[in-house]
Amino acid sequence: MRVGIFTYHFSDNYGALMQAYALRDFIGSMGHDAFFVPYHPSYVEEGGKLKLGKPLSKDNAKILYLKLVDFKERIFGNKVMKEGFKLFRSEKLGITTPGISVISELNSIIGTCDILVTGSDQVWRPSDHFGLDPTYYLGFPFSVSARRVSYAPSFGTDTLIPSVRDSVSKLLDDIDYISVRETSGKDIVGSLTGKVPVVVPDPTFLADNFDGILEEYPGTTNDAYVF
């Protein structure tokens, strides 16, 4: 079956890329054609669009902060490291096309999937400045025939703010199989839907080995290194 994965595969972050690699590798080991749906919303790391109706709001302050951090990283950041992340995404995650931030443009890609998976990482955490992103709950403004599954997503919090609880409850009802990464997530899902999701390990614990990405590093021949 063709399996489309929604996660933070685009982050220049070791943990994000390792969990993405492990989840795709594990699904692929079961004989499925797994790939990352190229959803890359700008609000996650670049801040997104400023809210013109609230020029002095806390939301705009957070957006400006993220924009400044992103600008600083692009101009003064470790370019060798960034190229390493880019190469890893290309060679190990199979990502060679630019990300898509417009939901409607994902329709044709999602239409080819038999199963959609969201997770792991904190994909269910409401953003302080953006709010709730239905896409990471596999909620779309168009009909979807694929089965919807969550694997080890995290809310990133023990409790949800009241303003998003109703929306999250409706989105969770449309997911066919729910698992979460923490017991706190199990409690949140249970309180909102009455369902009892399975608590599962991070996908990095599912991988039999990481031979596909391990390479010999010259520094490890030095006796000064323990690990």
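Buried here means under 20% relative accessible area, exposed means over 50%, and partly exposed is in between, with a 1.4 Å probe and protein chains only. In general, side chains in a regular strand alternate between the two faces of the sheet.

Some ground rules. This is a predicted model: local features need pLDDT of at least 70, side-chain atom pairs count only at pLDDT 80 or more, and totals for chains, interfaces and linings use all residues. Numbering runs from 1 along each chain as its sequence is written, and side-chain values use heavy atoms, with hydrogens and water left out.

The overall picture. The protein has seven helices and six strands. Those are DSSP runs, numbered from the N terminus: helices are H or I with at least four residues, strands are E with at least two. The order along the sequence is β-α-β-α-α-α-α-β-β-α-β-α-β. Of the 227 residues, 42% count as buried.

Back to strand 4, residues 147-150. Strand 3, residues 115-118, runs parallel to strand 4, and four bridges join them. Pairing requires at least two DSSP bridges between two strands. Threonine 118 has serine 150 as its bridge partner.

Now Arg148. Leaving out residues up to four places away in sequence, arginine 148 touches several others, including Leu116, Phe140 and Asp174. Contact means heavy atoms within 4.5 Å.

Next, the cores. The largest nonpolar core has 35 residues, and Leu116 and Phe140 are among those with the most contacts inside it. A core here is a set of buried Ala, Val, Leu, Ile, Met, Phe, Trp, Tyr and Cys residues joined through side-chain atoms within 4.5 Å. Helix 6 (162-173) and helix 7 (183-193) each supply at least two residues of this core. Helix 6 gives the largest share, four residues. A second, separate core has 19 residues, among them Tyr21 and Phe85.

Helix 7 has two sides. Its buried residues are Ser184, Gly185, Ile188, Val189 and Leu192. They cover an arc of only 135° around the axis, so they sit on the same side of helix 7. That arc is taken from the directions from the helix axis to the C-beta atoms. Helix 6 and strand 5 (179-180) are among what covers them. The face turned away carries exposed Thr183 and Asp187. Glycine 194 follows helix 7, with a positive phi near 80°.

Last, charges. The count is six salt bridges. Lysine 82 and aspartate 12 meet in one of them, at 2.7 Å, N to O. Lysine 82 is in helix 4 (residues 79-91) and aspartate 12 in the loop between strand 1 (2-6) and helix 1 (14-29), so the pair ties together parts 70 residues apart in sequence. Arginine 89 also bridges to aspartate 12, with the closest N and O atoms 2.8 Å apart. Arginine 89 is buried, at 12% relative accessible area. Shared partners join Asp12, Lys82 and Arg89 into one network.

Notes. A salt bridge is a side-chain nitrogen of Lys or Arg within 4 Å of a carboxyl oxygen of Asp or Glu.
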